[in-house]
2 protein chains.
Amino acid sequence: MTPIDRSSLHAEVVSRLRAAIVDGELAPGARVNERELCERFGVSRTPLREALKVMASEGLVVLLPNRGARVATLTRADIENTFKVMACLEALSGELACARITDEEIAELRALHYEMLAQHARRDLPAYYRLNERIHHMILMASGNPVLIATHAGLALRIRRARYVADMPHGWWDQAVREHERILDALTRRDGAAIAVLLRQHLERKIDLMARSADDVPETSTAA
Amino acid sequence: MTPIDRSSLHAEVVSRLRAAIVDGELAPGARVNERELCERFGVSRTPLREALKVMASEGLVVLLPNRGARVATLTRADIENTFKVMACLEALSGELACARITDEEIAELRALHYEMLAQHARRDLPAYYRLNERIHHMILMASGNPVLIATHAGLALRIRRARYVADMPHGWWDQAVREHERILDALTRRDGAAIAVLLRQHLERKIDLMARSADDVPETSTAA
DNA sequence: AAAGCGCATTTTGCATGCAAAACTTGTTTG
DNA sequence: CAAACAAGTTTTGCATGCAAAATGCGCTTT
């Protein structure tokens, strides 16, 4: 139990709750018990409830009037819809990044790319995912558009739980690596139009693959 | 003063606060006084503070630790960044809508379009804006992607304050109307690729025009 | 034995209370 | 005269208390 900074308890609680939900510690659909979490975090109900309201506006929990909060569940459709929007946002980020990114940043991206290739060679999927995420994130940052970055982050948060559970078909991994190479090439050429198309396709393909292997809880609804 | 539904006070307060900010009743950068708003809404500080946290996560207010809340200010860059993302989202909405929209919905869109032309002929700019917004909103709804709709709505909220203040140069209006006609045509043809490009251009042009005429408060920062 | 009903317990939602931080203002000091 | 300081006031942040709604459970009724 880390002692909590008293000047912004609610922010701390939001962070911890987010972590608990994203890490799957709080199962999707599970009812959130205020008292239980209060004891767990060592705070009173006021900051916890403030945090829950924020999480609800982020879409991580669902508030049922007079009936408490539940961890939001993701249907297959939710994931697909979210991913479609993210694909569009990442395409935009690539486009904007082409106009702003420095040679040094591209060099760093290339380095990350090779590290990713290394993990691919080792068949270390989790390490690959982490590098993959860092690369996409770095392109996003290079877009220089804070609204874009924040919007993407908000969506990514909601589906992170589901993002890496899907078991991908054989050959997917090699294909993804090839796509990444083309993306990096387009970025090096500062070809905004090309990178937008490539990023969009790269992620749309992921949607297709996930759609085939997603088996989720039914609905985000009341669940009597 | 409408009596407030006691079962979800915080939600009511969020609505009212949002309205007050979006309508400009609470000026950008203005400090938000809890006690004052409590009296105004006839609620205690608890639901008000919950509402403020939500508004902060929506980006309508900025929370300063131990120093209260201020109405978020929009820099020119904020507006441009937001609009770029919205342009991308609307382009996606048009693309998705092409695959789902019914003939009846297209007929209704065409009707709205003609109503908009009528307001254009009358030079009734506010009425034109309302119809313009209804048309874009209807295309968004036709996308059938709730995540896309919600994300767009969240961004639209933040810049609604600034959206219609810019005084546009001469000839802009006629140009916008022509663009709308081409958008509607593409939708009728169900040409997703075309409508995506058209919507994106339509909104990117608006960004350009707004950038020329925006004169705002300086920064979202502390403002001593 | 299954369905319906009523009471006790739990949980939620909001109001209030209290300590700490920040702002004000009048005064002092170099 | 300007800058710095200090006490009083206000404001913020969190904990707690209380009423209403929801939930659980044993009982009755058929």
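User: Which pattern does chain A follow along the sequence?
Analyst: In this predicted model, chain A holds 9 helices and 3 strands. Read along the sequence, these elements of chain A give the pattern α-β-α-α-β-β-α-α-α-α-α-α.

User: How is chain B related to chain A?
Analyst: Chain B can be laid on chain A by a turn of 180 degrees and a shift of 0.0 Å along the axis, with an RMSD of 0.1 Å. The two copies are thus related as by a two-fold rotation axis.

User: What percentage of the contact residues of chain B recur in chain A?
Analyst: The same surface serves both copies. The share of contact residues of chain B that recur in chain A is 100%.

User: Which element gives the largest share of the surface near DNA strand C?
Analyst: Elements giving two or more residues to this surface include helix 2 (34-41) of chain A and helix 1 (9-22) of chain B. The largest share, 3 residues, comes from helix 3 of chain B.

User: How many residues of the surface near DNA strand C are charged?
Analyst: There are 23 residues around DNA strand C. They divide into 6 nonpolar and 8 polar residues, while the charged ones number 9.

Terms used:
Residues numbered from 1 in each chain as written. Chains lettered and ligands numbered in written order. Predicted model: local features only at pLDDT ≥ 70, side-chain atom pairs only at ≥ 80, totals over all residues. Heavy atoms only, no water. Least-squares fit on C-alpha atoms with pLDDT ≥ 70 in both. Contact = heavy atoms within 4.5 Å. Helix = DSSP H or I, 4+ residues; strand = E, 2+ residues; numbered from the N terminus. Near = heavy atom within 4 Å. Nonpolar A, V, L, I, M, F, W, Y, C, P; charged D, E, K, R; others polar.
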